[in-house]
Amino acid sequence: MNKELQQVMETLIGEMGKMEARINGRMDERFEQVDKRFEQVDKRFEQMDKRLEQHDQRMDRIEEDMKMYVNTLVEEMGRMEARMDKRFQKVDERFDKMDIRLDSMQHEINGCKLACETAGLLMQRVDQHEYRIDRLEIKTGIGKALPI
């Protein structure tokens, strides 16, 4: 029985070896498949890395272009501001001249008003004197005898 047991054991060990070889073979096939999949994934990652690098380069170029555009706009805004400042200075100068002219005209107007008021007062005085002269002539009776 010992021999039989030993033969059964050897048979079992042999079968287990065969099974182990089959399992190892299958495992090796599976590992190869997994390795192939990992290689494909690695290739995809490399492609994605290349694309990301291209996108980064594009973004860098876009960023540089944007900086250039912004700087150009800022420079142009500075030039426009300088031109506007010059125009505002000219307008301010014209307003100053107009203010001076207005002041001078106001003085002339005030002078004319004063002259008109003076003429009005003189006319009143002349009217008062004529009235007084008329009254004196009436009182004295010489006004009708003298020709003017």
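R22 lies in helix α1, which spans residues 2-140; helices here are DSSP runs of H or I with at least four residues, numbered from the N terminus, and strands are runs of E with at least two. The model is predicted, so local features need pLDDT of at least 70 and side-chain atom pairs pLDDT 80 or more, whereas totals for chains, interfaces and linings use all residues. Residues are numbered from 1 along each chain as its sequence is written, and side-chain values use heavy atoms, without hydrogens and water.

Me: Why is R22 called partly exposed?
Reply: Buried means under 20% relative accessible area, exposed over 50%, and partly exposed in between (1.4 Å probe, protein chains only). R22 has 46% and therefore falls in the middle class.

Me: What makes R22, R26, R30 and R37 a patch?
Reply: These four arginines gather in a patch of positive charge on the surface. A patch takes residues with over 30% relative accessible area and no salt bridge, joining like charges within 9 Å and nonpolar side chains (Val, Leu, Ile, Met, Phe, Trp, Tyr) within 5 Å. Lys and Arg count as positive, Asp and Glu as negative, with His and the chain ends not counted. The charge is placed at NZ of Lys, CZ of Arg, CG of Asp or CD of Glu.

Me: How do you know that R79 and E76 form a salt bridge?
Reply: The term requires a side-chain nitrogen of Lys or Arg within 4 Å of a carboxyl oxygen of Asp or Glu. For R79 and E76, the closest N and O atoms are 2.7 Å apart, so the pair qualifies. Being three residues apart in helix α1, the two are separated by about one helical turn.

Me: Why do K67 and E63 count as a salt bridge?
Reply: Their N to O distance is 3.7 Å, so the pair meets the cut-off. K67 and E63 lie four residues apart in helix α1.

Conventions:
Areas by Shrake-Rupley, 256 points an atom, 1.4 Å probe, with all protein chains shown as cover.
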